[in-house]
Amino acid sequence: MSTTELNAARESHNRPLDKDLRGYLETNADIVTPITKPVKINYIGALTAQSETPILFENIIEKPGYRLCDILVKHRHLQARGLGVPENEYLPTLAKQLRMPPRGLVDVKTGPVKEVILTGKDADWSKLPAPIHSGRETQPYVTAMNIIRDPETGFYNSCHAGTIVAGPHVGHISFVTSHSNIIMRKYRDMGAKKMPIAFCFGVPPGYEIMSNYSGLHMDLWGEMEMVGTIMDQDIEMVPCETIDLTVPAVAEIVVEGMVDLESMFDAGTAVAPTMYYLPKSQRLPQVKITAITMRGDRPIYRNHQTCPDTDHQTLPRLCHEAILYNRLTEIGLKVHDVRFPTWGSAVSCIIQVDAPREGFVNDALMQTMGAPWINTKLVIAVSPDTDINNPGEIYKAIATRADPDRDIIIVGNTRGSPYDPSARPLSPDEPWRVVGKMGIDATIKSRHDVTDFEEAFPKHWGEVSLEDYI
Ligand SMILES: [Mn+2]
């Protein structure tokens with residue numbers, strides 16, 4: 001078997017996809033690093049961020065009985081495992097699935113997440129192995145997939161809004177996504193004072209990829225109704241104990257709560273996707289925890305360590321990449337890849353394209369720069385021969401294939417990221433900011449002589465190894 005065939009076999013060997021996270025970790029044991037030695041919870045962040053593939057802590061000193069996993073989707077080959085397809089089919093597959101109709105949800109009476117049920121005083125979420133993520137933070141930070149229901153449509157909207165564990169039964173949730181705010185407003189307009197929310201820990205990567213969707217969808221489906229579409233299987237949901245919501249039956253842990261819609265509370269800083277402490281302070285809604293349900297046998301807490309570059313940079317942008325893949329394909333160019341690299345601080349995007357003739361790349365750059373989100377401040381177009389995984393290659397393509405006079409588009413005064421220090425704070429609308437955007441065409445162009453890009457190597461390069469002569 002060739003390496004390509006071998007990789008393809010490895011990456012697609014988990015189709016049909018595992019229904020639950022523990023099954024997924026077993027199926028993909030070849031890339032999971034189990035840590036069986038005792039680990040202090042305060043070391044979890046620093047240890048996690050040294051792993052490039054899934055890591056599973058099985059022995060957390062302060063939290064016996066729990067396991068904790070992270071780094072499920074940081075790299076393309078991991079995302080491909082999550083969808084059960086070879087790496088080169090990952091992006092076209094997700095892009096197509098996002099254009100398909102929602103599969104919906106299947107209600108069942110009970111499931112593994114109901115093996116342990118804690119309510120009242122026992123529903124103490126400070127007992128979960130939620131770590132403190134950074135040097136400046138003082139409280140544990142929960143990054144689970146959360147579910148809220150649109151009160152008008154009944155659709156289940158999901159995101160991974162980070163939530164500060166402020167006490168045994170209290171949290172402060174950073175609802176930065178516009179859909180969460182629209183839904184909260186709908187509840188308020190109906191006269192509601194509280195909104196039910198469920199935090200779901202430990203679901204397979206397919207759930208997480210989909211739950212981070214953020215395009216036009218609210219009038220047709222919620223992210224949860226699409227999980228079955230991208231996982232190609234029925235998604236079973238069980239009713240919550242204390243709130244009127246259903247949750248994935250196969251989750252490892254579910255925390256039920258009610259969001260207070262009437263007041264906002266001062267919360268400290270958190271780590272932005274840019275990995276800075278921005279915004280410096282926030283006023284956030286409060287959540288009151290009403291129940292915790294979980295598996296009986298060593299439930300797996302899913303953490304998304306927020307810094308340095310981890311799943312925290314990648315996960316929210318995977319559906320963005322797929323949506324851009326569709327939009328760029330619509331223009332008529334061949335899209336090889338779309339990537340928000342972890343080293344691009346979640347405000348830059350690389351598109352790897354083949355353009356049929358002059359003019360296409362500028363349209364592709366503008367389409368990407370004009371994306372609905374605020375993370376395409378810097379967009380770089382490269383050709384298929386530039387290794388998109390290698391920052392040095394991207395830099396070289398800019399240096400040798402872009403003429404600043406002809407190949408750079410700059411647009412001023414556009415929506416900036418609240419997490420981008422270079423953007424101008426917009427008073428009195430903080431934390432919003434304003435910033436320009438830049439597109440760089442670093443592809444090989446028709447005006448170039450392709451043979452100019454033939455790279456020089458020594459004779460017998462790749463055939464002889466220095467190791468053999470030491
Ligand atoms: Mn949404």
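This is a predicted model: local features need pLDDT of at least 70, side-chain atom pairs count only at pLDDT 80 or more; totals for chains, interfaces and linings use all residues.
**Basis.** I number residues from 1 along each chain as its sequence is written. Local features need pLDDT of at least 70 and side-chain atom pairs count only at pLDDT 80 or more, while totals for chains, interfaces and linings use all residues; side-chain values use heavy atoms, with hydrogens and water left out.

**Manganese site.** I looked up the protein donors of the manganese ion and found Asn-157 (OD1), His-179 (ND1), His-217 (NE2) and Glu-223 (OE), at 2.1 to 2.3 Å from the ion. Donors are N, O and S atoms within 2.8 Å of the metal (3.2 Å for Na, K and Ca); water is not among the atoms, so sites may look incomplete. I then checked burial (buried is under 20% relative accessible area, exposed over 50%, partly exposed in between; 1.4 Å probe, protein chains only). His-217 counts as buried because its relative accessibility is 2%, and Glu-223 because its value is 1%.

**Helix H6.** Helices (H or I, at least four residues) and strands (E, at least two) are DSSP runs, numbered from the N terminus. The donor His-179 is also among the buried residues of H6, with Ser-180, Ile-183, Met-184, Lys-186 and Tyr-187. They cover an arc of only 155°, so they lie on the same side of H6; the arc is that of the directions from the helix axis to the C-beta atoms. I listed what they pack against, including strand S8 (156–159) and helix H8 (223–231). Contact means heavy atoms within 4.5 Å. Just after H6, I found Gly-191 with a positive phi of about 90°.

**Glu-208.** I placed Glu-208 in helix H7 (residues 205–211). Glu-208 counts as buried because its relative accessibility is 1%. Leaving out residues up to four places away in sequence, I found that Glu-208 touches His-160, Val-203, Arg-302, His-304 and Leu-315.

**Four-stranded sheet.** I traced an open sheet of four strands in the order S1-S2-S3-S16, with mixed pairing. Its edge strands are S1 (33–35) and S16 (300–302), each pairing on one side only. Two strands pair if DSSP finds at least two bridges between them. S1 and S2 (residues 55–57) pair in the parallel sense over three bridges, and Pro-34 stands opposite Leu-56 in S2.

**Helix H11.** In H11 (residues 360–369) I recorded Phe-360, Val-361, Ala-364, Leu-365, Thr-368 and Met-369 as buried. Their arc around the axis is only 165°, which puts them on the same side of H11. Their cover includes helix H10 (318–331) and strand S18 (348–354).
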